[in-house]
Amino acid sequence: MVKNSLIILTFIFAFFQAESQSFVAKVSQSTVSTQGHFQVSFQFEGDGSGFKAPAFDDFMVLSGPNKSSSMQLINGNFSSSTAYSYILRPIKTGELTIGSASITIDDQLVKSNPVKIKAIGNQQSRNNNQQQQGQQQKNNQTPSDDLSSDVFMKLYVTKKDAYIGEQLVATYKLYLNAQVVRYIPNRPAYNGFYNQELEINPSQEVTQEVINGRQFTVATMKKVVLTPQKSGKLEVPPLELEMVVRVQDNQRRRRSLFDQFFGGQKDVKIEVKSNPELINVKPLPSANQPSDFIGAVGDFSLTAEVDRDQLKVNEAVNYTLTLSGKGNIDLINEPKVNFPVDFESYDPKTKQNIKLSHAGTQGSKSYEYVLIPRHEGQFDLRPVTMSYFDPKSKTYKRASTKALSLHIDQGDGAYGNGNSYISAPKKEDVQIIGKDIRYIKTERPDLKRREDQFFRSTLFYILAALPFGIMGALVFMFSFFKSQLSDVAGLKRKRAASIAKKHLSKARKMINGNDAEFYDEISTALFGYVSDKLTIPTSELNREIIQETLHSKGVSDSLLTRLNKALDECEMIRFAPGIVRSKEEMLTATTEIIESLEHEV
């Protein structure tokens, strides 16, 4: 009897443990065309880490992974769930399989169920769509917290094959079928590209688009002009957004006539990520590359002019060389100019008028030289040439200026037959070549004894060296303090605990005050401490990065669990006030967490 009871208890325990660690894969539709797309989501309850998606060998990833999480309070019981979702498109027909994803929950590796997808051709899809639309209207279930089919982002590039220096434009568009409360974008790193971001206003760059019978609001979130700097496969990185969207909560119990009429709403925090794009960057042709090629890729022209064509010897004339066109004009070197040896020239003054638009970079660069002729006569300024690569014709082309003629007359200071000129003496030409006879002084000199003189005495040398000694000490002190202050990351790490304690001190004063302000100080103390201690920028700080970084530094799992619990409660207070620990317990727990992290990190 006891043995049978133990067996029954074991099965019950295993059932509830499996239920608490459930990791389920779901798809929005089981039949899809090769021209359509569907959404697959991997959902689990509680906290998990180390999510690993399956290999989507038979599918094209249009968006994802998009992470969403939600918290609910039902009859006094709090629960949280998380989902990773993708938007996929089949690349072939037939019965396809999405393998199992994996994640670690409570130190155990859990795998999701595999999912079968039937991929059909375009014509067969049209017949099935009419049946599915009627079925969807009947089912019309309450919206779940997985919003990847309602909110997703795509990356578009103007070209996927380019030469080094050939510009392309990357556009990130957000597709919305939900109300956005707020969002925080990241800053992608464009490795291998020279990038210039276009100024846009997402609230103004809005259009409407119908996808699979559903209307979406499309907002342009980011536009970047990219110029490849090396050959090979270069990736245009995805853009990530941390968002809070507001959805209808039809599962919520109606507490009043107002709720029954209008329906409840809840805020859901999600992470949206666009797809990356690979750009095949080809090197510029090395065969027949001109000697005057200066790295220009695009379409360019050269002009030259002088402010006057007749002047005298030793008078100045302004020579202006202007480079105009469309392409990587920001990165072009100065064209080589050769002036006649009879002219003295100075380094040019550069002016530029460059505009960045949706078509790329275009404008002009001007180089203004000052020339001074040293001989009279008729002089020709030879044409200036430069070569550039035209990606449209895939050939090198040459731009050239016209030849200019200058007539130099004899100056007022010139002499002889015009073959010599007046030149300003150089410093190294002035030398002392001898000494003249000195006059005998007839007046009585004012003589003093050497011992009575202050000049060249010990005190004289001490006082003379004192300013240099003081200056050297000041330079040393300045360098020392500068080196200390330049280590911003080190200063943040040292001051992380003291700054966090200041926020905790403010929170202690608010124990009897507003709940939101109290938990804002607690959240600021925790996130601020982790950001400063781990030198992670606030814009890149999220729960996964905190978990991975602290785990890599050897922080114990129990401390990580306490930290996650405190962060969850700070977020919960906005959605479900009254179910977290008391303020005193929360303040004590936060202080202990920061002190423990100070010893372990």
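Start by selecting Phe 23 and Phe 44: both residues are buried in this predicted model. Now show their rings. Phe 23 and Phe 44 make an edge-to-face aromatic pair, with 5.9 Å from centre to centre and 75° between the planes. Colour by secondary structure next: Phe 23 belongs to strand E1 (residues 23-27) and Phe 44 to strand E3 (residues 38-45), so this pair ties together parts that are 21 residues apart in sequence.

Phe 23, Phe 42, Phe 44, Phe 51, Phe 56, Tyr 84 and Tyr 86 form one aromatic cluster. Across the whole structure, a search finds 21 aromatic pairs, and Phe 23 with Phe 44 is one of them.

For another stop, jump to Phe 339 and Tyr 369. Here the ring centres are 5.3 Å apart and the planes meet at 70°; planes over 60 degrees apart count as edge-to-face, so that is what this pair is. Phe 339 sits in the loop between strand E24 (317-327) and strand E25 (343-345), while Tyr 369 is in strand E27 (residues 360-373), so the contact ties together parts 30 residues apart in sequence. Are these two buried or exposed? Phe 339 is buried, and Tyr 369 is too.

Finish with charges over rings. Select Lys 154 and Tyr 175: the charged end of Lys 154 sits over the ring of Tyr 175, 5.5 Å from the ring centre. Then select Lys 173 and Tyr 156, where the charged end of Lys 173 sits over the Tyr 156 ring, 5.8 Å from its centre.

Note on methods: Residues are numbered from 1 along each chain as its sequence is written. This is a predicted model: local features need pLDDT of at least 70, side-chain atom pairs count only at pLDDT 80 or more; totals for chains, interfaces and linings use all residues. Side-chain values use heavy atoms; hydrogens and water are left out. Rings of Phe, Tyr and Trp (its six-membered ring) pair if their centres lie within 6.5 Å; planes under 30 degrees apart count as stacked, over 60 as edge-to-face and the rest as tilted. Helices (H or I, at least four residues) and strands (E, at least two) are DSSP runs, numbered from the N terminus. Buried means under 20% relative accessible area, exposed over 50%, partly exposed in between (1.4 Å probe, protein chains only). A charge sits over a ring if NZ of Lys or CZ of Arg is within 6 Å of the ring centre and within 35 degrees of the ring normal.
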